[in-house]
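Reader: I have a structure to look at for my course. Could you guide me through it step by step?

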Amino acid sequence: MTSRTVARRPVVSGRVHDVDALRGFALLGILAVNITFMASAYPGNLVDDPAFSSPLDDAARFAVASLFSMKFYLLFSFLFGYSFVLQMDAAERAGTAFVPRMLRRVLGLFVLGAAHIVLLYGGDVLTTYAAVCLVLLAMHRVSDKVALRTAGVIYAVVIASLVGSALFLDRSAFMPEHDEALAAAAAQTQAMLGPPADIIGHHLGGLDLLVVQAVSLQGPTALAMFLLGMVAARRRLFSDVGDQTSLLRRTQWIGFPVGLAGGTVYAALGADGNTWATAVSVLTAPFLTAAYVATLVRLMHSPGAAWVRAVLAPVGRVALTNYLAQSAVGIIVFTGVGLGLAGRASPPMLLLLAVVVFAGQAAVSAWWLTRHRYGPAEYVLRWFTTWRRPGR
């Protein structure tokens with residue numbers, strides 16, 4: 001065995017319910033961020049809707065930026081890497097070749113993501129995950145040391161590029177003036193209220209920005225988290241929680257001060273509208289993400305709090321279905337094919353709506369899993385991955 005390979009044994013023989021619960025928790029945070037983009041075109045143009053400028057509106061935006069933005073995307077990416085190893089174990093138990101099986105899964109994920117972009121939400125992450133997973137697949141036999149070093153280098157390059165952009169690039173040269181951005185946001189929000197063709201046009205109109213973000217930020221950070229998740233799964237991070245109490249406590253003590261400070265700076269500087277703010281977020285968001293994970297894991301294993309896992313785990317077990325369903329709810333609530341509330345919901349109302357939608361998903365997911373083994377999207381993807389119809 002070379003230094004670039006690693007001998008593995010199966011990580012687990014069944015589901016890791018803490019991972020399911022964490023994935024469900026990640027979907028709540030992702031919805032809290034995504035719903036602001038589903039509700040109007042102002043966030044996508046990096047401006048605030050002037051119709052919602054009260055102190056309460058500003059406080060809600062600040063809370064989303066400081067506590068949610070990027071943190072749950074990183075968690076979702078980390079768990080994707082963790083589940084990647086579980087997919088390896090599943091292929092090994094089934095006696096099938098892993099690489100062809102995973103390539104089919106990646107292709108299926110990309111097709112679902114492309115349909116998601118066109119029909120439901122232009123801010124899709126599935127296509128980015130599918131593309132980046134090809135890199136992870138090429139690296140799936142590297143040692144833990146190589147994986148960790150690669151993740152560190154990727155993160156350092158991303159941060160260095162952001163700092164370099166902040167120092168040497170004139171954003172005004174390629175960013176529209178504030179009034180122009182407001183006008184574009186108003187026009188795009190109006191398009192969201194039009195017929196299906198206008199809505200699809202709005203989704204496709206953001207493709208260039210989606211690609212730029214995927215290449216420059218989301219893709220690299222996702223790959224770094226994929227690699228960290230892969231190492232965590234190899235080391236059974238969530239399989240032996242009883243032995244991790246001191247580690248979880250240290251993670252909280254370090255992660256919350258650093259992560260909250262970074263989130264506060266990010267929000268105060270204007271979030272994604274400021275390159276320095278983005279650099280701060282990339283640097284500090286992993287700390288807050290880790291603190292969230294440590295807190296939730298400790299809570300789920302504390303006396304009398306097993307109900308937290310029971311509520312969140314079903315959502316995470318059908319995460320793909322729920323991710324797509326969140327976008328479907330956005331279409332129904334905000335666009336012209338549904339209730340047409342685009343541009344009419346305040347930031348506090350969007351936060352409340354995110355909680356209500358997630359609560360509904362938790363209830364429906366628990367009900368569904370009493371009758372079915374897979375969610376609808378998971379069923380289709382598994383069928384394509386294994387090339388045979390799954391048992392229900």
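**A guided look at the model**

Author: Let us begin with Trp 276, which counts as partly exposed because its relative accessibility is 38%. Buried means under 20% relative accessible area, exposed means over 50%, and partly exposed lies in between (1.4 Å probe, protein chains only). Before we go on, please note that this is a predicted model, in which local features need pLDDT of at least 70 and side-chain atom pairs count only at pLDDT 80 or more, while totals for chains, interfaces and linings use all residues. Residues are numbered from 1 along each chain as its sequence is written, and side-chain values use heavy atoms, with hydrogens and water left out.

Reader: Where is Trp 276 found?

Author: Trp 276 belongs to helix H11, which covers residues 275-300. Helices (H or I, at least four residues) and strands (E, at least two) are DSSP runs, numbered from the N terminus.

Reader: And which residues form a nonpolar patch on the surface?

Author: The patch consists of Leu 167, Phe 168, Val 265, Leu 269 and Trp 276, and together they have about 520 Å² of accessible area. Patches are made of residues with over 30% relative accessible area and no salt bridge; like charges are joined within 9 Å, and nonpolar side chains (Val, Leu, Ile, Met, Phe, Trp, Tyr) within 5 Å. Accessible areas come from the Shrake-Rupley method with a 1.4 Å probe, and for residues only the protein chains shown count as cover.

Reader: Next topic: how many salt bridges does the structure hold?

Author: There are six salt bridges. The term refers to a side-chain nitrogen of Lys or Arg within 4 Å of a carboxyl oxygen of Asp or Glu. One of them joins the side chains of Asp 18 and Arg 309, at 2.9 Å from N to O. Asp 18 lies in helix H1 and Arg 309 in helix H12 (residues 306-317), so this pair ties together parts that are 291 residues apart in sequence.

Reader: Is Asp 18 buried or exposed? What about Arg 309, buried or exposed?

Author: Asp 18 is buried, with a relative accessible area of 5%. Arg 309 is buried as well, at 19%.

Reader: Which residue forms a salt bridge with Asp 144?

Author: The partner of Asp 144 is Arg 234, and their closest N and O atoms are 2.6 Å apart. This pair links distant parts of the chain, with Asp 144 in helix H6 (residues 144-168) and Arg 234 in helix H9 (residues 207-234), 90 residues apart. Asp 144 is buried, with a relative accessible area of 15%, and Arg 234 is buried, also with a value of 15%.

Reader: How far apart in helix H2 are Arg 61 and Asp 58?

Author: They are three residues apart in helix H2, and therefore separated by about one helical turn. Asp 58 is partly exposed, with a relative accessible area of 38%.

Reader: Now the backbone. Which residue has a positive phi of about 60°?

Author: That is Leu 46, although it is not a glycine. Most residues other than glycine have a negative phi. Leu 46 sits in the loop between helix H1 (17-39) and helix H2 (55-67), and it is partly exposed, with a relative accessible area of 39%. Met 70 has a positive phi of about 75° and is not a glycine either. Met 70 lies in the loop between H2 and helix H3 (71-94), and is buried, with a relative accessible area of 17%.

Reader: At what angle do H4 and H15 pack?

Author: Helix H4 (residues 98-119) and helix H15 (residues 376-386) pack at about 140°, and their axes are 7 Å apart. Axes are lines fitted to C-alpha atoms, for helices over the stretch in contact, and angles run from 0 to 180 degrees between N-to-C directions. Among the residues making the contact are Arg 101 and Leu 107 of H4, and Leu 381 and Phe 384 of H15. Contact means heavy atoms within 4.5 Å.

Reader: Last one: which residues is Leu 31 in contact with, leaving aside its neighbours within four places in sequence?

Author: They are Gln 326, Ala 354, Val 357 and Phe 358. Leu 31 and Val 357 are 326 residues apart in sequence, and their C-alpha atoms are 8.9 Å apart in space. Leu 31 is located in helix H1 and is buried, with a relative accessible area of 2%.
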